[in-house]
Structures are given as structure tokens and as C-alpha cells.
Amino acid sequence: MQYHFPTRPELVAAVVAFVHDERSAMFRAGMLDRPAGVDPFDYAIDLYWGQVHHPVFVAYTELHFAARTDAALAAVLKPVCEAYERQRREIHRELFPGVN
């Protein structure tokens with residue numbers, strides 16, 4: 001894979017961005033598929049629990065563990081995580097209006 005990217009940090013940045021985009025897309029798609037009449041909070045918890053066993057979430061966790069001892073990875077991960085948090089909050093505001 002690395003031959004598609006000029007440097008290792010650029011490869012890692014692409015992986016980090018992909019993992020965060022996938023997590024957001026999975027949550028949004030899952031919530032939009034919520035059956036009518038099902039409590040959105042219960043559904044969101046069940047959806048999240050199911051996603052923590054998905055390979056994308058495992059990759060997310062591994063990246064965070066690795067960033068504890070890899071300053072270059074931590075530097076790449078930080079802005080992407082901040083963007084993910086903003087995106088997650090937007091999704092929550094959209095799906096759970098009136099709940100902060």
C-alpha cells in the first residue's frame with residue numbers, strides 16, 4: 001500500500017481519515033435505518049455496541065493505542081479525531097434534536 005503514498009505519515013493519515021469517515025458513516029446509516037417506534041436512544045446504544053466489534057472500530061482502537069508511543073501518529077491522529085468529534089456532535093444534533 002505504501003507505494004501509493006509518497007511517505008509513511010501520508011499513508012497513516014489516509015488510514016486514520018478512512019477509519020473515522022467509516023465510523024461516522026456506519027453510525028449515521030444505522031440510525032437512519034432505525035425502525036419506526038423504536039426508542040432512538042436505546043437503538044443508538046445497541047448500534048454503537050454492535051459497532052465496537054466491527055473491524056473499523058478495532059482499527060480505530062489500535063490507532064489510538066499506537067499513538068500513545070508514536071508522536072508522529074499522535075500528531076496525525078489529533079486533528080482527525082477533533083474533526084470526527086465535531087462530525088459526531090453534528091450527527092447527534094441531527095438525530096437527537098434538543099438533546100445536548
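Which residues is Gln51 in contact with, leaving aside its neighbours within four places in sequence?

Reply: Happy to walk through it with you. Beyond those sequence neighbours, Gln51 is in contact with Arg23, Met26, Phe27 and Phe57. Bear in mind that this is a predicted model. Gln51 belongs to helix α2, which covers residues 40-51. Its relative accessible area is 13%, and because buried means under 20%, Gln51 counts as buried.

Gln51 also takes part in the lining of the largest pocket. About 200 Å³ of space lies in that pocket. Along with Gln51, the lining includes Ala44, Ile45 and Tyr48, as well as Arg23, Ser24 and Phe27. Also among the lining residues are Tyr84, Arg88, Ile91, His92 and Phe96. Three helices, α1, α2 and α4, each supply at least two residues of this lining.

Leaving aside neighbours within four places in sequence, Ser24 is in contact with Tyr84, Gln87 and Ile91. Of these, Tyr84 and Ile91 are themselves buried in α4, and both also line the largest pocket.

That brings us to α4, which runs over residues 71-95. Its 25 residues reach 35 Å from the first C-alpha to the last, close to the 36 Å expected. At the start of α4, a side-chain oxygen of Asp70 comes to within 3.1 Å of the backbone nitrogen of Ala72. Further along, α4 has a kink of about 25 degrees at Leu77, shortly before the proline Pro79. Leu77 is also one of the buried residues of α4, as are Leu73, Val76, Cys81 and Leu95. The buried residues of α4 pack against α1 (8-32) and α3 (55-67).

For contrast, have a look at Pro35. Its place is in the loop between α1 and α2, and at 41% relative accessibility Pro35 counts as partly exposed. From Pro35 to Lys78 there are 43 residues in sequence and 35 Å in space, C-alpha to C-alpha.

Now zoom out to the whole chain. The secondary structure comes to 4 helices and 0 strands, in the pattern α-α-α-α along the sequence. The C-alpha atoms fill a box of roughly 50 × 25 × 25 Å along the principal axes. Of the 100 residues, 27% count as buried. Among contacts between residues at least 6 apart in sequence, 63% join residues at least 24 apart.

Conventions: Residues are numbered from 1 along each chain as its sequence is written. This is a predicted model: local features need pLDDT of at least 70, side-chain atom pairs count only at pLDDT 80 or more; totals for chains, interfaces and linings use all residues. Side-chain values use heavy atoms; hydrogens and water are left out. The expected span of a helix is 1.5 Å times one less than its number of residues. The bend at a residue is the angle between axes fitted to the seven residues ending there and the seven starting there. Buried means under 20% relative accessible area, exposed over 50%, partly exposed in between (1.4 Å probe, protein chains only). Contact means heavy atoms within 4.5 Å. A polar contact is a pair of N or O atoms within 3.5 Å; within protein, one must be able to donate a hydrogen and the other to accept it, and residues adjacent in sequence count only if both atoms are side-chain atoms. On a 1 Å grid over the protein atoms alone, a cavity is a set of points where a 1.4 Å probe fits but cannot get out, and a pocket is an open set with protein on both sides within 12 Å along at least five of seven lines; lining residues have an atom within 4 Å of a point. Grid points are joined across faces, edges and corners, and a volume is the space filled by probe spheres set on the points.
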